[in-house]
Amino acid sequence: MKGFAEILWERSDFIGNQFPQEVCGKILRSMEILSSISPAGVLTEITPSEFSVLCRSADHPKRHGSAATVADIAAQVNVSVPAVSRTLRTLQQKQLIERSVDEADRRNVRVTLTEAGQNILEENMRRVVAKLNSILSAFSQEEMRTIAELYSKFANAMAERLGNAE
């Protein structure tokens, strides 16, 4: 079965054909590897989307002085309000968050972590940090500087050319 890289090499209009095949091939294979990695194996008791919502719910009061609304969380994780609401419903069923009507604006629902939610978030944050520390320890400071510069340039070029630049 052909991989995406092999399919691209067959196209005469692919600009990657202007580079040595091993260079562009490494990039394409790396992109395939990165897109297939799931953080689910790092997390325990929650999904990646639940982890993201818990992180935003815990961080919002520190930055803004009040509990996050559903719309705040949706904007921060860049997904729809209904999608966040579904995740919040699951987190509430797991007793990891509480939702309450905002007294200042009854149209808004505020989200706060329960003690169990804070514990699950902290445990998973420890696991994520340990995994990232393990990954990053494979590189020198100079290598990390180079990776950061090139990855940033690559990501910005993708965002700009795919119409997703912020």
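These are my notebook entries on one predicted protein model.

**Entry 1: confidence**

The mean pLDDT of the protein is 89, and 95% of its residues reach 70 or more. I found the lowest confidence in helix H1 (residues 4-9), with a mean of 74, and the highest in H5, at 96. I keep in mind that where pLDDT is low, the predicted coordinates should not be read in detail.

**Entry 2: overall layout**

I listed the secondary structure and found 7 helices and 3 strands. Along the sequence, these follow the pattern α-α-α-β-α-α-β-β-α-α. I then asked why the protein counts as more spread out than a compact globule. Its radius of gyration is 21 Å, while the globule rule gives 15 Å for 166 residues, so the protein is more spread out than a compact globule would be. The C-alpha atoms fill a box of roughly 60 × 35 × 35 Å along the principal axes.

I also noted that 26% of the 166 residues count as buried. The exposed surface comes to about 11,900 Å², and carbon and sulfur atoms supply 55% of it. Taking contacts between residues at least 6 apart in sequence, I found that 45% join residues at least 24 apart.

**Entry 3: the nonpolar cores**

I looked up the largest nonpolar core, which has 22 residues. Within this core, Phe51, Leu54, Ile73, Val84, Leu88, Leu91 and Ile97 touch the most other members. At least two core residues come from each of H3, helix H4 (70-77), H5, strand S3 (109-113) and helix H6 (115-136). Another core, of 5 residues, lies apart from the largest one, and its members include Leu8, Trp9, Phe14 and Cys24. As background, I wrote down that nonpolar side chains tend to be buried together in soluble globular proteins.

Leaving out neighbours within four places in sequence, Leu88 is in contact with Val53, Val70, Ile73, Ile97, Arg99 and Val111.

**Entry 4: Asn124**

Is Asn124 buried or exposed? Its relative accessibility is 0%, so Asn124 counts as buried. I located this residue in helix H6. Not counting residues up to four places away in sequence, Asn124 touches Val42, Leu43, Thr44, Ile46 and Phe51.

**Entry 5: salt bridges**

I counted salt bridges, taking a Lys or Arg side-chain nitrogen within 4 Å of an Asp or Glu carboxyl oxygen. The count comes to 10.

Arg11 pairs with Asp13, and their closest N and O atoms are 2.7 Å apart. In this pair, Arg11 is partly exposed at 45% relative accessible area, and Asp13 is exposed at 55%.

Which residue does Lys94 bridge to? Its partner is Glu50, with the closest N and O atoms 2.8 Å apart. Lys94 lies in the loop between helix H5 (81-93) and strand S2 (97-101), and Glu50 lies in helix H3 (residues 48-64), so the pair ties together parts 44 residues apart in sequence. Lys94 is partly exposed, with a relative accessible area of 35%, whereas Glu50 counts as buried at 6%.

Asp102 and Arg110 also meet in a salt bridge, at 2.9 Å from N to O. Asp102 is buried, with a relative accessible area of 10%. Last, I noted that salt bridges with shared partners join Glu122, Glu123 and Arg126 into one network.

Terms used. Residues are numbered from 1 along each chain as its sequence is written. This is a predicted model: local features need pLDDT of at least 70, side-chain atom pairs count only at pLDDT 80 or more; totals for chains, interfaces and linings use all residues. Side-chain values use heavy atoms; hydrogens and water are left out. Buried means under 20% relative accessible area, exposed over 50%, partly exposed in between (1.4 Å probe, protein chains only). Helices (H or I, at least four residues) and strands (E, at least two) are DSSP runs, numbered from the N terminus. pLDDT is the predictor's confidence in each residue, from 0 to 100. A nonpolar core is a set of buried Ala, Val, Leu, Ile, Met, Phe, Trp, Tyr and Cys residues joined through side-chain atoms within 4.5 Å. Contact means heavy atoms within 4.5 Å. The radius of gyration is taken over C-alpha atoms; the globule rule is 2.2 Å times the number of residues to the power 0.38. Accessible areas come from the Shrake-Rupley method with a 1.4 Å probe; for residues, only the protein chains shown count as cover.
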